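Here is a short report on one protein chain. Look over the sequence and the 3D view before reading on.

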Amino acid sequence: MIDRQEMIRYYTPEMVDVAMKIWMRSAVSLIDIRFKAIQRNSPLENYLLPANMFIYTHGAPVSILLNQEPYRTERYGLCHAGKGSLLSIAPVETDVDAFMILYKADAPPFYKRNLRKLMATVNPFNQLYGFAPTNPIFFVEKFHLMLESWNTKVSMDQFYAKVLLYQVVHHVYVELKKGDIRYMEPDYVEWVKEYLNRHFTEPISLQALSDRLPINRSVLARMFRKRENSSMQEYLIKKRIEAAKAYLVETNASIQEVAYGSGFTDEYNMIRMFRRYVHVSPGEYRRKRSMNCINKDIDNNYQSLYNDGGLDDLVNYDRDGEYSMFGQLRNKQMIVAAALCLMLLLSACSAGTTTNNGSAASQTPIQTQQVKETSDGGNAAEKQTRIIKTVLGDVEVPTNPQRVVVQYLMGDVLSLGITPVGVSDAYEGAAFREMVSDSVSLGGVQSWEAESVMMLTPDLILVISEEDARKFSKIAPTVFIPHGEMTQDERVTFIGEVLNRQEEAVAAIQAYRSNLEQAKAKLANAGFDEYTVSVFESIDDASMAVHGDKYGAGSIVYASLNLNAPEAVQTNILDNESYSEPVSFEVLPAYTGDFIVRNVFEGMVDLSGNAIWNSLPAVQNDRVIEMEFGLNYYSDIYSATAQINHVTDSLLQAIK
């Protein structure tokens with residue numbers, strides 16, 4: 001991988017002067033000018049450059065692969081590569097525009113020994129480099145004008161396009177000579193992904209892999225998690241699981257052979273990871289997929305072939321001794337529907353109990369009753385379900401749910417004494433992460449799948465999305481919690497009602513208030529009435545997001561702990577009821593308080609070399625409080641308590 005520092009050393013002012021002399025004395029031909037709108041779902045892949053080329057992308061971040069080395073540009077990026085280089089361009093977020101300027105530089109004749117000697121020192125035509133230009137509009141305008149002139153096919157206009165090429169080259173080397181540009185950084189995350197994709201079946205030491213890169217391992221880990229929403233270890237495990245899935249379905253290899261072939265150390269490790277991520281054992285996965293791969297439909301669209309053994313059986317004998325009359329389940333909706341029918345059938349069979357006189361107990365669609373024998377031999381009716389009123393309508397829920405699945409608000413449910421069987425991702429640093437370590441992670445809030453939820457056989461599902469409330473209500477009673485429209489007390493009280501944990505909800509709210517009052521008293525006793533606090537989050541190396549009191553650490557600092565904000569924050573953000581505002585570094589000191597609470601996350605901007613940042617008194621006095629992404633992300637009552645304690649303890653420690 002090309003070292004950024006090596007690139008910088010290569011383009012010293014002396015080297016730039018040499019490169020310009022070579023450009024001035026060489027015969028350069030403009031071959032073609034191309035424009036391509038590269039779509040995210042259709043990237044440019046493995047394009048062999050037929051000539052030397054300038055590539056300019058603008059509009060959105062892109063991942064660039066040059067000679068199998070990954071790089072990443074932000075909104076604008078200009079790079080250069082020589083003939084024969086292999087180029088791939090993949091938009092990261094949305095479609096991007098790319099200009100490609102192809103040119104040819106003829107080798108100097110043998111009698112131009114001085115030029116040949118210079119090119120032995122530096123050859124600007126085959127050098128690979130890239131940077132974010134300080135004046136991106138200049139390049140956009142020049143490349144547009146070059147494209148228009150070239151496409152006229154008129155010699156005079158195409159000559160002007162070549163003139164513009166020299167203007168572009170001149171501007172490139174002016175910026176390179178200044179040295180204050182942002183060089184195109186190697187995309188270490190993409191490099192790691194490519195390596196894991198190629199070598200996941202081999203023993204891999206992530207520590208040794210990180211040591212191969214000129215970047216701190218912890219920084220690399222944060223960058224990787226932010227980009228991929230998983231750690232490098234999790235990414236590796238998932239690659240191996242995907243390979244194992246294919247081997248289980250497509251081959252007759254044993255579980256041990258599949259494990260070794262997929263990169264797992266042994267079959268026990270694979271079984272453990274399979275249960276964690278797929279929620280079934282490898283054997284169960286193979287049996288289910290094998291059944292689904294055989295079409296057993298009895299219709300005119302499928303005719304069994306006649307052979308020496310006769311016609312295929314219309315029913316198949318299962319290994320567990322059962323006959324299967326089901327054909328292939330073609331999609332997840334059919335799986336959910338089948339499971340729902342089975343659940344309704346079982347509930348219908350078990351719900352009807354007899355009274356003392358032998359008559360069946362009455363049933364209603366709203367509530368069911370169960371006859372329970374008391375200790376004195378009598379009978380007492382106890383409700384199995386209750387009706388909960390929600391913004392989406394009434395929902396019939398279990399009186400005492402045992403298998404709860406919850407989205408995002410895991411801390412609220414935990415604070416009421418219930419450990420969910422299924423949860424959304426609990427990011428590293430989350431206050432409750434250890435408490436849900438045995439719960440099944442169903443992925444990010446937006447990526448839950450009905451099949452995975454159904455496998456947990458929940459009796460109650462709590463979601464924060466109206467769409468998911470309708471989607472999962474086919475599996476089990478599902479309650480939508482409009483957490484963004486409720487205060488914390490309202491939300492916890494509502495969840496307590498849903499879970500039939502009303503007393504626990506009252507206790508949780510009281511404990512939170514008591515802890516908050518103690519924290520405020522500690523800060524007041526330490527004199528924090530006289531200090532100001534800012535809440536920052538890095539955007540890039542030119543601006544900072546300054547947060548208000550609407551969410552995250554800002555709501556803890558200002559809304560909960562009632563700490564003072566700097567005047568600029570109070571006037572421009574809090575008084576305007578703004579969530580957050582981007583602020584350039586030039587005016588950042590006006591928004592900076594005596595203390596800074598900074599949200600930190602993987603891949604955030606490194607400000608250790610930023611002169612303005614380092615000049616802030618809060619930074620110089622070591623009064624910057626860092627709050628990890630996983631702790632800051634959640635807004636439940638359990639996380640809010642942990643956030644208050646973290647901010648309070650850190651501020652008290654910093655003032656010492």
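## Ground rules

Helices are DSSP runs of H or I with at least four residues, strands are DSSP runs of E with at least two, and both are numbered from the N terminus. This is a predicted model, in which local features need pLDDT of at least 70, side-chain atom pairs count only at pLDDT 80 or more, and totals for chains, interfaces and linings use all residues. Residues are numbered from 1 along each chain as its sequence is written, and side-chain values use heavy atoms, with hydrogens and water left out.

## The whole chain

The chain contains 25 helices and 27 strands. Of its 656 residues, 46% are buried. Buried means under 20% relative accessible area, exposed means over 50%, and partly exposed lies in between (1.4 Å probe, protein chains only).

A contact means heavy atoms within 4.5 Å. Take the contacts between residues at least 6 apart in sequence: 66% of them join residues at least 24 apart.

## The surface

The chain has an accessible surface of about 34,300 Å², and carbon and sulfur atoms hold 50% of that. Such areas come from the Shrake-Rupley method with a 1.4 Å probe; for residues, only the protein chains shown count as cover.

L145, F159, Y160 and V163 make a nonpolar patch of about 340 Å². Patch residues have over 30% relative accessible area and no salt bridge; nonpolar side chains (Val, Leu, Ile, Met, Phe, Trp, Tyr) are joined within 5 Å, like charges within 9 Å. Helix 5 (residues 155-178) gives the largest share of the patch, three residues. Y160 sits in helix 5. Y160 is partly exposed, at 36% relative accessible area.

## Salt bridges

A salt bridge needs a side-chain nitrogen of Lys or Arg within 4 Å of a carboxyl oxygen of Asp or Glu. The count by this rule is twelve.

E228 and K193 form one, at 3.2 Å from N to O. E228 is in helix 8 (residues 217-228) and K193 is in helix 6 (residues 188-199), so the pair ties together parts 35 residues apart in sequence. E228 is partly exposed at 24% relative accessibility, whereas K193 is buried at 15%.

## Bridges within a helix

K245 pairs with E242, with the closest N and O atoms 3.4 Å apart. Both lie in helix 9 (residues 232-250), three residues apart, about one turn of the helix. E242 is partly exposed at 49%.

E466 and R470 also form a salt bridge, at 3.6 Å between the closest N and O atoms. They are four residues apart in helix 16 (residues 466-472), so about one helical turn separates them. E466 is partly exposed at 37%, and R470 is partly exposed at 49%. Elsewhere, shared partners link R225, E234 and E428 into one salt-bridge network.
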